[in-house]
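Please look over the sequence and the coordinates before reading on.

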Amino acid sequence: MKTRTTPLSQASDSEIESAVAHASLPALMMSMIHMSGDASLLDEPVRPKHALMFDMDAGISPEDAAAIRERAVVLIREYLAKGQPPCEPLPAATVERMLTFALAEQDIEPEARGFLLEELSLNGSDPRRVDIDPRAVERRGDAFHVVIIGAGMSGLLLGYRLAQQGIGFTILEKNESVGGTWHENRYPGCRVDIASYSYSYSFEEGEWDHYFGPRSEVQSYFEDFAEQQKLVDRIRFDATVEDARYEEETSEWVISYQQAGSQREIRASVLVSAIGLLNRSKIPDLEGRELFRGPQMHTAQWDDAIDLRNKRVAVVGTGASAFQLVPALADTAERIFVFQRRPSWMFPNPEYHASISGEHQWCLRHLPEYARWFRIVSMWPQFDKAAGDLIMVDPDWDDGGASCSRANRQMRDDLAAYISSQVDDPELLDKIVPDYPPFGTRMLQDNGTWLATLARHDVELVPSGVARLTEDGVVASDGSEFEVDAVVYATGFEVGRLPAIDVAGRNGVRLSQTWGDEPKMHLGLTVPGFPNFFTIVGPNTGVLHSGNLIIVSECQVNYIMDAIRLLVEELDELECRSASADAYHARLSSELDRSIFARVPSYFSNDAGKVVVCMPWKLADYWKWTRRVDLDDFEARRL
Ligand SMILES: Cc1cc2nc3c(=O)[nH]c(=O)nc-3n(C[C@H](O)[C@H](O)[C@H](O)COP(=O)(O)OP(=O)(O)OC[C@H]3O[C@@H](n4cnc5c(N)ncnc54)[C@H](O)[C@@H]3O)c2cc1C
């Protein structure tokens, strides 16, 4: 339910004053420049000292901050008196200066600067839109059709871009609704761990009630987007794709799917898999699962009909889902036993559960370009800061595997100190400080609720995995036994295996044959032998050290749209060259081998020990590589 706010034109003086008192100064100062067209603020001595999303004053002294807020109120009134004219676009050089000023940087590397300027999308611009010659689109007509598998965040995004260009497409979705992850994960406590003002499409930052939206807010965002953009009409729901094959004579894909108990078929000029990385629940194959008399469920298949009130519950796992679930469940269940094979590292984030005040929401919704700048300020602290020293293993660094470099050690010490500062019980402390380096597994966001929950008398952390289930309980790997009424698997997802759809490319060769244990692709987007086929958020495109997955998806959709442009305007077939895929894969493997992801066993790797989930690159570099298709990487054919 979105909070209502008073429109700018009807806001009273006191409303404006109290809203401005809650504004983030870097974003407010940028909005002032847009409203006035006067950039002289950038030359004044008072400037943000750091870009931290929750430090609204950005390190500026209280006196200086108050003075700026006063000036902002005056300026907003003047702007209103002028009738809120559209803000004139500012010269590119001014916007670049504003960027370094707002982010409190001396200089920003060219790739990151380019990326951020594109993300900013000021004055309602949409620089990631890929325009396709409308005459070519008309000439191709219905004969050119794209099929997208999956209506999650990625599939919807591509659908939106295709609709913008008037290109025909169909989305096949196995669920009865859009949203993917956010539709499926209904467990209590589920929310984003990336600021919502940056975990949203670049052209539609959304309106959020929380800084880190709970699952219901995120799901509403995607549902509203699909509805408003009329994407829903293009989706076939309850349609599970089972197979797809490339027909060389026609250069078309033939896709078969199950819908309402019937086998159906659809043909496509281009096939895009947007099936996500995290939607095949992983339930450990425990001995005795069939014996246990109580209910069992995976976090991603949460069943509200299972009443956990006053029940003794075993939660298996302490990764991202358990971290959110256990604090949210603690007041409901009688007792919770949390089975931990390995603790997780967590970042202190006091505002993780915070709602956005009505005053700040007013600024976000009504002050010109304020939300765009707040988005960048929210994104920057998590963008590419860990790429390099924090995740790459220094071969000369040895502290027994506790860290991988000097920078990583420093982070370890800081995070361990944060954990220790919250715990008085030495026995509990012993169980919760990880013995592996930060970034070795997914880093979590914490506002103190996790450790406060573990310290409760009715919650017990068992530092052991689960060995087996009995009729009425759980036996831990260390032999200890626990009587419980229900078991919840917070055990994550099958990510190491091949995607659920094992398509057949040229000569009927299957993706599984081509990939084996090591998916070889160019940019994680395209595979030799599989013409006119692309994947979004496929192997080795997850980001665990930078940005968020929507940024990756936008990069990939941009690239796919450029390929579609070529196919609509001048070509019939684009097939990635083996040399390009091999070269990219060689670089990827060598970089991953030197990274922390290859050293710590985690779900980032498959059974063969290959890291298949994440990329090691700076996201700004990946953005640059995916801006345009390089035809040298493809065999391009006209039939
Ligand atoms: C609990 C959770 C929290 C997360 N939090 C964050 C976060 O804070 N920040 C972040 O950056 N990332 C986060 N992620 C990761 C990522 O952002 C999300 O998974 C995101 O939803 C990915 O979008 P997607 O469209 O690529 O995949 P999905 O959301 O998984 O959507 C894929 C869609 O494809 C459909 N599909 C799959 N197979 C078939 C088939 N055979 N036939 C038809 N349809 C099919 C699925 O039903 C689904 O709707 C989180 C993931 C999870 C699970």
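The points below cover sheets, helix contacts and cavities in turn.

The model is predicted. Another open sheet has three strands with antiparallel pairing. A search of the whole structure finds four cavities of 30 Å³ or more.

- V316 stands opposite Y489 of β17.

**Three-stranded sheet**

- This open sheet runs in the order β14-β15-β16, with antiparallel pairing.
- Its edge strands are β14 (466-470) and β16 (481-483), and each of them pairs on one side only.
- From one strand to the next, the twist averages 20°.
- β14 and strand β15 (residues 473-476) run antiparallel and are joined by four bridges.
- T470 has G473 in β15 as its bridge partner.

**Helix α11 and its two contacts**

- Helix α11 (residues 358-366) packs against helix α12 (residues 370-379) at an angle of about 110°, with the axes 6 Å apart.
- Angles of 65 to 115 degrees count as roughly perpendicular, so α11 is roughly perpendicular to α12.
- On the α11 side the contact residues are H360, C363 and L364; on the α12 side they are Y370, A371 and F374.
- By class, the contact of α11 with α12 has five nonpolar residues, one polar and no charged.
- Helix α1 (residues 13-21) also packs against α11, at about 95° and with the axes 8 Å apart.
- α1 and α11 are therefore roughly perpendicular to each other as well.
- I16, S18, A19 and V20 of α1 meet E359, W362 and C363 of α11.
- The contact of α1 with α11 divides into five nonpolar, one polar and one charged residues.
- C363 takes part in the contact with α12 and in the contact with α1.

**Helices α4 and α5**

- The axes of helix α4 (residues 92-102) and helix α5 (residues 110-120) come within 11 Å and cross at roughly 105°.
- That angle makes α4 roughly perpendicular to α5.
- V95, E96 and L99 of α4 make the contact with R113, L116, L117 and L120 of α5.
- This contact has five nonpolar residues, no polar and two charged.

**Cavities**

- Four cavities reach 30 Å³ or more in a search of the whole structure.
- The largest cavity holds about 50 Å³ of space.
- Its lining consists of P519, M521, G524, P539, N540, Y584, H585 and L588.
- Five of these lining residues are nonpolar, three are polar and none is charged.

Methods:
Residues numbered from 1 in each chain as written. Predicted model: local features only at pLDDT ≥ 70, side-chain atom pairs only at ≥ 80, totals over all residues. Heavy atoms only, no water. Axes fitted to C-alpha atoms, helices over the stretch in contact; angles between N-to-C directions. Parallel < 35°, antiparallel > 145°, perpendicular 65-115°, else oblique. Contact = heavy atoms within 4.5 Å. Nonpolar A, V, L, I, M, F, W, Y, C, P; charged D, E, K, R; others polar. 1 Å grid on protein atoms, 1.4 Å probe; cavity = no way out; pocket = protein on both sides within 12 Å on 5 of 7 lines; lining within 4 Å. Points joined across faces, edges and corners; volume = space filled by probe spheres on them. Pairing = 2+ DSSP bridges.
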